[in-house]
Amino acid sequence: MHHLITYLADAPWITFNTGAFSDQFWASTFDGLTYGSIYALVAMGYTLVYGVLQLINFAHSEVFIVGVYATVFALNAMGFGPSPVYPPMVVLIIDLLVAMVAAMIASGLTALILERVAYRPLRKRNAPRLVFLITAIGASFTIQYLIFVWRGGSNAEPATIMFVPDPVFEVFSTIIDSQQLTIFIAAIVLMVVTDQFINRTKFGRGIRAVAQDPDTATLMGVNKERVIMLTFVIGGVLAGAAALFYLMKVPQGASFNGGFVLGIKAFAAAVLGGIGNIRGALLGGLLLGVVSNYGVTLLGNSSWTDVVAFVVLVVVLMVRPTGLLGESLGKARV
Amino acid sequence: MTSDEIIDLVEMVVLVAVLVAVGKLFQRSKASGRLGEWWNSKSRVEQWAWLVPLIAVVVLIPVINPPFLTTEPGTNFPITMFNCALYALVALGLNVVVGQAGLLDLGYVGFFAVGAYVAALFTSPDSQLSKIPYLWTLPLAMVVTMFFGVVLGTPTLRLRGDYLAIVTLGFGEIVRLLATLMPPLKGNVGFQDVGHPPGTKADGGALFANTNGTPWYMLTIGIILIVLLLVGNLERSRVGRAWVAIREDEDAAEMMGVPVFKFKLWAFAIGAAIGGLSGSLFAGQVSFVNNQKFDVPTSVLFLAAVVLGGSGNKVGVLLGGFVIAYIPFRFTALASYKYLIFGVALVVLMIFRPQGLLGARQRLLARGRQAYQRLIGRPEQLSSDSSLVAEKAGDSA
Amino acid sequence: MSDTPEVEPEGGIVAELEHMTEAERAAHEAEVAEAVAPDREIAVEVGDTLLELRDVTMRFGGLVAMDSVSFSIKRGEILGLIGPNGAGKTTCFNAMTGVYRPTSGQVLLEDRPLGRAKRHQITHRGIARTFQNIRLFGEMTALENVVVGADARHQTSVVGALLRLPRHHREEREAIDRAMALLEFMGIADRAADKAKNLPYGYQRRLEIARALATEPKLLCLDEPAAGFNPAEKDELMGLIRKIRDDGYTVLLIEHDMRLVMGVTDRIVVLEFGKKIAEGLPAEIRDNPAVIAAYLGVPDEEDTDGAA
């Protein structure tokens, strides 16, 4: 036993590259924020559904990956492909918006079907939580391998380049490019809109009411089933938007199981911020993006980003299981 | 679809239908469930009298090679049977965690991997560690994985159930990533010539060669029997009762004096140890370990085995493990759809039959059978549904 | 189905009870009573303070559910805890059984503070409770439910259970006998083999009490044990509670039904809006103007406690 430990520990398998870390500190911060805003968008889906149903929608990562495929096909149909095309600015923006809408529809529909086919029958039967979770895993698996069978294997789709990032401006002697800026701003705008939707509109009030007390909300005339559907759809639509940004950042990101790791990270982000809390999802997403990017720079291998994300998740759950901002959309269970 | 695929599909549907029918027959609460009642009315001695020949038949399956069960040419039947037995053992271990204690562990493959690597590190010539005989790696793997189980469980078992699922999923992935990232674990290259138990055949070749599935199968069945006995002992003790109490209502259990955290940790550690044991058996038979076989889909397959067979039912999960491993070997034309099939199966099962093929069935008192007879003159009401359809007692009042 | 040689003829003990002679039945009942009330070492004498709440305050955010409540329970008495809905009765229970930790103040059992003891440790120290909304282990049989309670006093380790060491056998046997005695004591032994979730409502309520008694408590806390009972069942329950006390238990009773509370308790503490407004003998409480005012115009509905 002792032997085993020394053998594994002596080997120089982990090295801290502090030089690279301080050199690239701002670069990895900004890039982390870009990834983080994508995580945050996906995290919203987890947080919303959790807030309303206290369910970890395990299949949300597949809602996301369906959006990625929809983006790829929409963009390919409009002439985008592995080598960059340079349409005029206005056309580019319209094309990207069309692709985003396509992804939103695809993801939103997937989320809706998922709710209808997989979760609703269980809710009718008042099934225990474990059953919901296992169903979610099954559904996630089903969608993944439907894609697998449909695309004839595990190969990722060829890259789809939307545009080549140009430098826009420089902070702390680090260049911020147009891609980072687009993703970050668009994601923040979407999340602010969602936040306002939930806090200001009648539908949003319904969501909050069901999150706080489903029974009372029903008695007060809130249509619980419709609220649940709406919640799934909003989560799906945001995941669709995230899909476009993700593909922008990772052009060959469409693979059948590509949603899995991103989904876990987004979930970690939601927990980090306080699951059930919309603003928490944003904060958690950005934080997780930055931290796991630091991990990559420091450890010098991109495989570490997943390990770092998981470790962050475990540490957060141990130290502060309600997350940074606590559970405000839902209620804390005793 | 090709005609092969259609034939396989039809055969598989028939197989599953037969299993479901048998499961129904076993259910005591159903009017048709005479078989279960008959079985329950037998004394322990009589049950053993039936069990011993049954076990003998099971042990000899690879030798008998029964016609419907046999695999098509090109697939080695004894090795198929070994894999089935291996999955059954895994399901038995995972059932302690999921079925009995009600903790959803999605990183079970992590423990399986740790067990496999323990066997590889201590027996393969590719490892620089000093070597020990293969059979010693089985208990060693159990100890090491138990240690991992405690390390992982201590911070996480205080969390709510659904967080636990995600954290264990993360653990499974971390184990896989570490196998890739840590040079001593040799990533994709892996370890060749993992050891095997001693013994030679008449022709001088090793008895436990990796091409020879039969002895591996029999070894695994032997281990399953021992594990069944021990897990059964636990089930019919305060430990098993504590697990079921935790599963049913954690808060109430704690207020009835059950040290909830301690017993959750035990469930987790015992489950982990059985996972590690299976992992080292796997490594021995395949004789090669690298980072490729311990991914999340495998974890989900393990879970599917438990849920399919009947979470909380020891016999059920053995059957579940068997079926999950058997289908891709037997219906080779469908092998590439196996994950899809099991994904759909999970959803469909949860919606229409959450209790699995056989429902949960637990005796929680040592010598409870005699006690019930002595006290009220009839046996107890056994669970006919599963931990997964359990509702809180208050709801039904 | 039952001609197995090693067991007694059909019906078992429960069926036999009906055919017993007077003397046999008395002997059997003595046996049951012996098992129901085992010797416990209790540090305080009968009539001395067993449990004390000292200035217990319980705050949830802005809501003060208990405001500096102090009272004590003497060994061997039946203390009633009453008050209008939302008065903080169940919160008080939860503070005593470790579900919540008091924001300030102390709970002392046998003059030792509960402090930061975990819930299962508090059970060990000798406080057991039932739940207002029944919380049995539905998939277990009635007997198994009670044995889980009895397990609180067991020492068998995981290894001991794994290898079926002698202590395991002894404890199992004792636990089953005691659990069965408790079921008989509560009058529900005939359904010992049924799953808890399939028992009738009245049986479930009584099974909860049996399970709590199985932990060998010094103090038994009953949270609205008569909820949903008809008058005849309530009378029966009153008898049972007295019997429990006579067997050497101390009982704390939360109850809405005034007739039951007045009929069975030795002393009563009244809470309103988280404050203690009265304490005394049932007759004193009945005539206490503050209590009358608290209850006046507040219909005594079967409602959940606000703080539950």
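How many residues does the contact take from chain A and from chain B? In this predicted model, the contact takes 39 residues from chain A and 42 residues from chain B. On the side of chain A that touches chain B, at least two residues each are supplied by helices H1 (2-10), H5 (89-125), H6 (129-150), H11 (258-273) and H13 (304-319) of chain A, and the largest share, 14 residues, comes from H6(A).

Within chain A, H11(A) also meets helix H4 (residues 60-77) of chain A, and the axes of the two come within 8 Å and cross at roughly 125°. Angles from 65 to 115 degrees count as roughly perpendicular and those over 145 as roughly antiparallel, and H4(A) and H11(A) are therefore oblique to each other. The crossing in which H4(A) passes H11(A) is right-handed. Among the residues that meet are Phe64(A), Ile65(A) and Val68(A) in H4(A), and Phe260(A) and Leu262(A) in H11(A).

In chain C, the domain assignment gives domain 1 (31-126 + 222-308) and domain 2 (141-216), whose centres, taken over C-alpha atoms, are separated by 25 Å. Their contact takes 13 residues from domain 1 of chain C and 15 residues from domain 2 of chain C, and H2(C) gives the most to the side of domain 1, with three residues.

The table sets out residue classes.

| Side of chain A that touches chain B | 31 residues | six residues | two residues |

Definitions and conventions: Residues are numbered from 1 along each chain as its sequence is written. Chains are lettered from A and ligands numbered from 1 in the order in which they are written. This is a predicted model: local features need pLDDT of at least 70, side-chain atom pairs count only at pLDDT 80 or more; totals for chains, interfaces and linings use all residues. Two residues are in contact if their C-beta atoms, placed from the backbone, lie within 7 Å. Helices (H or I, at least four residues) and strands (E, at least two) are DSSP runs, numbered from the N terminus. Ala, Val, Leu, Ile, Met, Phe, Trp, Tyr, Cys and Pro count as nonpolar, Asp, Glu, Lys and Arg as charged, and the others, Gly among them, as polar. Axes are lines fitted to C-alpha atoms, for helices over the stretch in contact, and angles run from 0 to 180 degrees between N-to-C directions. Angles under 35 degrees count as roughly parallel, over 145 as roughly antiparallel, 65 to 115 as roughly perpendicular and the rest as oblique. A crossing is left-handed if the near helix is turned anticlockwise from the far one by less than a right angle, and right-handed if clockwise. Domain bounds come from an automatic or database domain assignment.
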